[in-house]
Amino acid sequence: MARENEQFQVLRVIGNNVVMVQGGKKSKEYVIIGKGIGFAVKDSGVIDGNDSRIEKLFRLEDREEWSQYQILLEDIDPKVMKITDDIIADIAREFPGKLNDKIYLALPSHIQFTIFRLRGGMDIVNPFLEETRMTFPKEFEIAYKAAEKISAEFGLQIPEDEVGFLTYHVYSAVSNVPVGQLVKASNIVSELMDMIRSERNINFEQGSMNHVRLMIHLRFSIERILQGSLIDNPFVKHIKKEYKDEYKLARKMGTIMQGKLGVEVPEEEMCFLAMHLRRLFQTIEKNK
């Protein structure tokens, strides 16, 4: 939070919720984030350090990521920032509560680069589109409306593949899971699904209940592992004894996840996966 009795000179209003300033005791450059903070402030204006609208105050050189955004923010298209503010307002309406502050910088960066690619005739290909649509349906719907706004504002046809990428930003804003982590998780889920197909010689019907359920379980298993969120599984001994084949496969999956994530996969999590595999294989067997 900002410090009392300090003032910050506005260098540039980036958007309704983001301003670049200089000030404080050490007269450093900062990014101030707060709902409506830039709406009534003009370039060269002043913001008091105890302004109640200030939610976050970041010194640019404090974090490597801010240095990456500094050049971008100086060149950002004002129309991109306006669209960003509209999209963030839509997200906030659908998901009441505090959003991840990084959305105010990451989303306009993404949108500006998307517009650049589309204007340059570059294709946008998303190999995880269907998985994203099924795993994050509400976020996908918001992203679809966001794409429509971008399309109308810039006269561009936003492909559905891009809606999938926008969905990551929406989910990241409400879950605090970094976009890069979401992309990595999608890659791992795809690899694990291929392993299951190969190991058990089965095919999933795209969009089927079995397909969707397994993807969601794998996705959130990966998130729990990355966040260190341990789950209580009182059936570990029973699963290892009664579901030996499924547990063996879950162990192989755990080895892949551990290698890709660089984080140890708890025994409880692998047994949890074995339970889902057991249910999956039983369902497939019944439907033959």
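User: How many helices and how many strands does the protein have in this predicted model?
Analyst: In this predicted model, the C-alpha atoms of the protein fill a box of roughly 70 × 40 × 30 Å, taken along the principal axes. The secondary structure within the protein comes to eleven helices and five strands.

User: What percentage of the residues of the protein count as buried?
Analyst: Among contacts between residues at least 6 apart in sequence, 68% join residues at least 24 apart. The protein has 288 residues, and the part of them that counts as buried is 48%.

User: Are H7 and H10 roughly parallel or roughly antiparallel to each other?
Analyst: Helix H7, residues 179-200, packs with helix H10, residues 244-261, at an angle of about 150°, and their axes are 11 Å apart. H7 passes H10 in a right-handed crossing. Since angles over 145 degrees count as roughly antiparallel, the two helices H7 and H10 are therefore roughly antiparallel.

User: How many residues of the contact of H7 with H10 are charged?
Analyst: On the H7 side the residues that meet H10 include Lys184, Glu191, Glu199 and Arg200, and on the H10 side they include Asp245, Glu246, Lys252 and Lys260. H7 also brings Ile188, Leu192, Met195 and Ile196 to this contact, where residues of H10 including Leu249, Met253, Ile256 and Met257 meet them. By class, the contact of H7 with H10 has nine nonpolar residues, no polar ones, and a charged group that numbers eight.

User: Is Arg200 buried, partly exposed or exposed?
Analyst: Arg200 lies in helix H7 and touches Asp245, Glu246, Leu249 and Phe281, leaving aside residues up to four places away in sequence. The C-alpha atom of Arg200 is separated by 25 Å from that of Asn233, which is 33 residues away along the chain. Because its relative accessibility is 35%, Arg200 counts as partly exposed.

User: How are H7 and H8 oriented to each other?
Analyst: The axes of H7 and H8 come within 10 Å and cross at roughly 130°, and H7 passes H8 in a right-handed crossing. Since an angle over 145 degrees would be needed for roughly antiparallel, and 65 to 115 for roughly perpendicular, H7 and H8 are therefore oblique.

User: How many nonpolar residues does the contact of H7 with H8 have?
Analyst: H7 contributes residues including Leu182, Ala185, Ile188, Val189 and Leu192, while those from H8 include Leu214, Met215, Leu218 and Ile222. The contact of H7 with H8 also has three polar and three charged residues, whereas its nonpolar residues number twelve.

User: Is Glu131 buried or exposed?
Analyst: Glu131 lies in helix H4, residues 129-135. Apart from residues up to four places away in sequence, Glu131 touches Ser186, Val189, Met215 and Arg219. Because its relative accessibility is 7%, Glu131 counts as buried.

User: Which elements are among those that cover the buried residues of H2?
Analyst: Helix H2, residues 78-94, has 17 residues and reaches 25 Å from its first C-alpha to its last, close to the 24 Å expected at 1.5 Å a residue. Its buried residues include Val80, Met81, Ile83, Ile87 and Ile91, together with Thr84, Asp85 and Asp90. Among the elements that cover the buried residues of H2 are strand S1 and helices H3, H5 and H6.

User: Against which helices do the buried residues of H11 pack?
Analyst: Helix H11, residues 267-286, has 20 residues and reaches 29 Å between its first and last C-alpha, close to the 28 Å expected at 1.5 Å a residue. Glu269, Cys271, Ala274, His276, Leu277 and Phe281 are among the residues of H11 that are buried. The buried residues of H11 pack against H7, H8, H9 and H10.

User: How far apart in space are Lys248 and Ala274, C-alpha to C-alpha?
Analyst: Lys248 is found in helix H10 and is exposed, with a relative accessible area of 54%. Ala274 is one of the buried residues of H11. Lys248 and Ala274 are 26 residues apart in sequence, and in space their C-alpha separation is 8.2 Å.

User: Near what value is phi of Asn201?
Analyst: Most residues other than glycine have a negative phi. Asn201 is found in the loop between H7 and H8 and is exposed, with a relative accessible area of 72%. Its phi is positive, near 55°.

How values were computed:
Residues numbered from 1 in each chain as written. Predicted model: local features only at pLDDT ≥ 70, side-chain atom pairs only at ≥ 80, totals over all residues. Heavy atoms only, no water. Axes fitted to C-alpha atoms, helices over the stretch in contact; angles between N-to-C directions. Helix = DSSP H or I, 4+ residues; strand = E, 2+ residues; numbered from the N terminus. Parallel < 35°, antiparallel > 145°, perpendicular 65-115°, else oblique. Left-handed = near helix turned anticlockwise from the far one by under 90°. Contact = heavy atoms within 4.5 Å. Nonpolar A, V, L, I, M, F, W, Y, C, P; charged D, E, K, R; others polar. Expected span 1.5 Å × (residues − 1). Buried < 20%, exposed > 50% of the residue type's maximum accessible area, 1.4 Å probe, protein only.
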